[in-house]
Amino acid sequence: MYRNLKEVTEFAEKTNMTIGSFNTHNLEMLPSILRAAKNVGTPISIQTSVGTAEYIGHSILVSVVKSFANNEMVEAVLHLDHAKDFDDIKKAIDAGYSSVMFDGSDLPFKENVLKTKAIVEYAHPRNVSVEAELGTIGGTEEGITIESSEAVLTDPEDAKKFVELTGVDLLAVAIGTNHGQYKSKTNCNIPLLKRIHSVVDVPLVVHGGTGVRESEYPNLINNGIRKFNVGTELLINWNEEAKNLFSETPVDRSLRHNVIPANEEIQQIVEHKLNLFRNLDNM
């Protein structure tokens with residue numbers, strides 16, 4: 001079934017798990033991510049950047065995800081990640097995306113509230129969930145710096161007030177993670193997450209999931225993380241596999257012989273992550 005994030009994270013809350021949200025960087029990668037969810041038997045969120053949505057086409061992405069979800073009995077969300085422009089968000093909603101993120105984390109608090117609230121008021125009547133971010137999560141997305149200032153951790157009282165004022169469905173929190181981090185692992189601020197979770201009554205989101213130690217997953221899930229973003233790990237592994245194959249491929253050989261192994265690499269990674277995100281030892 002084609003779902004929004006509010007629907008699948010409500011299930012995640014009841015079962016104390018987190019929803020894996022994976023960036024697809026091209027159309028070829030997408031079916032492998034969805035097959036992984038089918039094999040594991042969990043809901044999944046497919047994320048795209050604004051750039052990827054423009055490259056592939058919003059309506060094409062909606063058609064593929066919706067068709068797979070309905071035909072293969074997979075609960076799948078199509079989510080626009082880190083959008084800062086109203087027009088980009090409206091375009092995704094109007095095309096059929098089931099979830100969007102407005103990233104106003106670099107704005108003053110009041111401006112972030114006002115703009116997020118306006119998006120919520122447009123999205124909710126159309127059954128589209130809205131994620132927002134409070135605090136700043138540094139790093140890069142698809143190799144591009146998305147936040148140049150130093151990271152500012154999320155303040156629990158600000159988070160509580162922000163959620164109450166905006167009516168947002170999910171909140172991305174800054175607890176020490178970084179976008180694009182893959183050469184090292186971060187130290188998540190679990191005490192801060194516990195404080196945020198104790199005062200905020202919506203599902204919380206981790207960005208920069210590639211840089212999080214897998215041993216930390218239970219601590220994060222048990223303290224309110226209901227959506228876990230993974231993008232860089234997929235991008236790097238797909239590129240490495242494809243790069244090695246393309247460098248040795250005769251020019252008259254079908255491209256699928258290079259793309260299929262790269263997609264299989266992606267499917268293995270996603271299945272591994274989804275199994276951990278089920279948090280089976282903690283109900």
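Rings of Phe, Tyr and Trp (its six-membered ring) form an aromatic pair if their centres lie within 6.5 Å, and such a pair counts as stacked with planes under 30 degrees apart, edge-to-face over 60 and tilted for the rest. By this rule, a search of the whole structure finds 6 aromatic pairs. The structure is a predicted model, in which local features need pLDDT of at least 70 and side-chain atom pairs count only at pLDDT 80 or more, while totals for chains, interfaces and linings use all residues. Residues are numbered from 1 along each chain as its sequence is written, and side-chain values use heavy atoms, with hydrogens and water left out.

**Aromatic rings**
- Y217 and F277 form a tilted pair, with 5.3 Å from centre to centre and 45 degrees between the planes.
- This pair links distant parts of the chain, 60 residues apart, since Y217 belongs to helix α9 (residues 217-221) and F277 to helix α11 (residues 256-277); helices here are DSSP runs (H or I, at least four residues), numbered from the N terminus.
- Y217 is buried at a relative accessible area of 2%, and F277 is buried at 0%, where buried means under 20% (1.4 Å probe, protein chains only).
- Ring pairs join F22, Y217, F228 and F277 into a cluster.

**Helix packing**
- Helix α2 (residues 30-40) packs against α11 at an angle of about 40 degrees, with the axes 8 Å apart, the axes being lines fitted to C-alpha atoms over the stretch in contact and angles running from 0 to 180 degrees between N-to-C directions.
- The contact (heavy atoms within 4.5 Å) involves residues including I33 and V40 of α2 and I266 and L274 of α11.

Conventions: Helix = DSSP H or I, 4+ residues; strand = E, 2+ residues; numbered from the N terminus. Buried < 20%, exposed > 50% of the residue type's maximum accessible area, 1.4 Å probe, protein only.
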